Amino acid sequence: YVERFAGAYAVLLRGGLGVDAPVKSILEEARRRIIEKMIAEAPELEPTPEVQAALRGWIHLVEGMALDWIEHHALDRNTLLDVLTESLWTIVETATGIRPAGR
């Protein structure tokens, strides 16, 4: 999505529409649902404040790195995905003390 709609993605997250209260509300709702889905699909995760804050932070990391990637393409797409995936495991492990299965 980011690659295909780079211009719209950047405008949405960098300001422009993103500062509009209704749009900001939609973005926050989308982030909340992503976190709920991540927790629901990882039975070892409890929806504690630590886990929820960590996942919110990770989503912002994803958004920030995606914006950087759109602008610079310093990493190839697979490397970007690997960095983001590894960072998710690290954040989850730090927030919970639990190493996800298969890691």
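Modeller: What follows covers the salt bridges, then the aromatic rings. This is a predicted model, in which local features need pLDDT of at least 70, side-chain atom pairs count only at pLDDT 80 or more, and totals for chains, interfaces and linings use all residues. Residues are numbered from 1 along each chain as its sequence is written, and side-chain values use heavy atoms, with hydrogens and water left out.

Charged pairs come first. A salt bridge here is a side-chain nitrogen of Lys or Arg within 4 Å of a carboxyl oxygen of Asp or Glu. By this rule the structure has eight salt bridges. One of them joins glutamate 63 to arginine 31, at 2.9 Å from N to O. Glutamate 63 sits in helix 3 (residues 49–72) and arginine 31 in helix 2 (residues 21–40), so this pair ties together parts 32 residues apart in sequence. Helices are DSSP runs (H or I, at least four residues), numbered from the N terminus.

How accessible are these partners? Glutamate 63 is buried, at 13%. Arginine 31 is buried too, at 11%.

Now stay within helix 2. Glutamate 36 and arginine 32 both lie there, four residues apart, which is about one turn of the helix. Their salt bridge brings the closest N and O atoms to 2.2 Å. Glutamate 36 is partly exposed, with a relative accessible area of 45%. Arginine 32 is also partly exposed, at 36%. Shared partners link Glu29, Arg32, Arg33 and Glu36 into one salt-bridge network.

Another salt bridge pairs glutamate 41 with lysine 37, at 2.6 Å from N to O. Both glutamate 41 and lysine 37 are exposed.

Next, the rings. A pair of aromatic rings is described by the distance of the centres and the angle of the planes. Rings of Phe, Tyr and Trp (its six-membered ring) pair if their centres lie within 6.5 Å; planes under 30 degrees apart are stacked, over 60 edge-to-face, and the rest tilted. The structure holds two such pairs. Tyrosine 1 and phenylalanine 5 have ring centres 5.1 Å apart and planes at 45°, so that pair is tilted. Tyrosine 1 and tyrosine 9 have centres 6.4 Å apart and planes at 70°, so that pair is edge-to-face.

Tyr1, Phe5 and Tyr9 form one aromatic cluster. Tyrosine 1 is exposed, at 63%. Phenylalanine 5 is partly exposed, at 38%. Tyrosine 9 is buried, at 11%.

Key
Helices (H or I, at least four residues) and strands (E, at least two) are DSSP runs, numbered from the N terminus. Buried means under 20% relative accessible area, exposed over 50%, partly exposed in between (1.4 Å probe, protein chains only).
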